[in-house]
Amino acid sequence: MMSAMKTLFALFFFTILFTVSNAIPVSLEQRDVYVPPITCPTAYTVWNKGEVHNVTWDVSDPPAQITNKIGRIQLREGGLTTPLILADGFDILLGRIEVTVPWVITANDYQLVLFGDSGNFSPEFTINGSPL
Ligand SMILES: *[C@@H]1O[C@H](CO)[C@@H](O)[C@H](O)[C@H]1NC(C)=O
């Protein structure tokens, strides 16, 4: 019984030590490039022009320090990033932002790119706009 209590106390003590050491702030030199993966749209997404949709991304594992917290979403088509901006100036840690689907030529090879410091692409998905 006593030794079980001692083990529990030891565990408790080390948990506190570990928590405190993790809370020590890192210096500016240790800031990390942070580009979370896009979770919506997916390869199965079909958007129609003029609709409003949430673009979502995974913010479950951000580094302690982020170089650029300001996000931007741009449209890609046929493997190229277009100049079309769907959202800009938002906090990258929000995890979602509403965008209005632009009126474009119907195609199934659209992608979004989420920029923080660098960019992460969504899978290719479909936007229904006007025929080619
Ligand atoms: C986007 O997500 C938010 C939070 O879940 C929700 O309140 C809002 O209705 C969503 N917008 C659309 C267009 O689905």
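Predicted model: local features only at pLDDT ≥ 70, side-chain atom pairs only at ≥ 80, totals over all residues.
**View 1. A three-stranded open sheet, β1-β3-β6.** The pairing here is antiparallel. β1 (38-40) and β6 (96-100) sit at the edges with a single partner strand each, so one side of each has no neighbour in the sheet. Going from one strand to the next, the twist averages 35°. Zoom in on β3 (residues 52-57) and β6, and you'll find five bridges joining them in the antiparallel sense.

**View 2. T45, in the loop between β1 and β2 (46-48).** A polar atom of the T45 side chain lies 2.8 Å from the backbone nitrogen of T42. Leaving out residues up to four places away in sequence, T45 touches F125 and T126.

**View 3. The largest nonpolar core, with 22 residues.** Which members touch the most others? They are W47, V55, W57, I73, I97, L112 and I127. At least two core residues come from each of β3, β4 (70-77), β5 (80-91), β6, β7 (107-115) and β9 (125-128). The top contributor is β7, with four residues. For a closer look, pick I127: beyond residues up to four places away in sequence, its contacts include W47, L75, V101, P102 and V104. Also on the I127 list are I105, T106, A107 and Y110.

Definitions and conventions. Residues numbered from 1 in each chain as written. Heavy atoms only, no water. Pairing = 2+ DSSP bridges. Axes fitted to C-alpha atoms, helices over the stretch in contact; angles between N-to-C directions. Polar contact = N/O pair within 3.5 Å; in protein donor to acceptor, adjacent residues only side chain to side chain. Contact = heavy atoms within 4.5 Å. Core = buried A, V, L, I, M, F, W, Y, C linked by side-chain atoms within 4.5 Å. Buried < 20%, exposed > 50% of the residue type's maximum accessible area, 1.4 Å probe, protein only.
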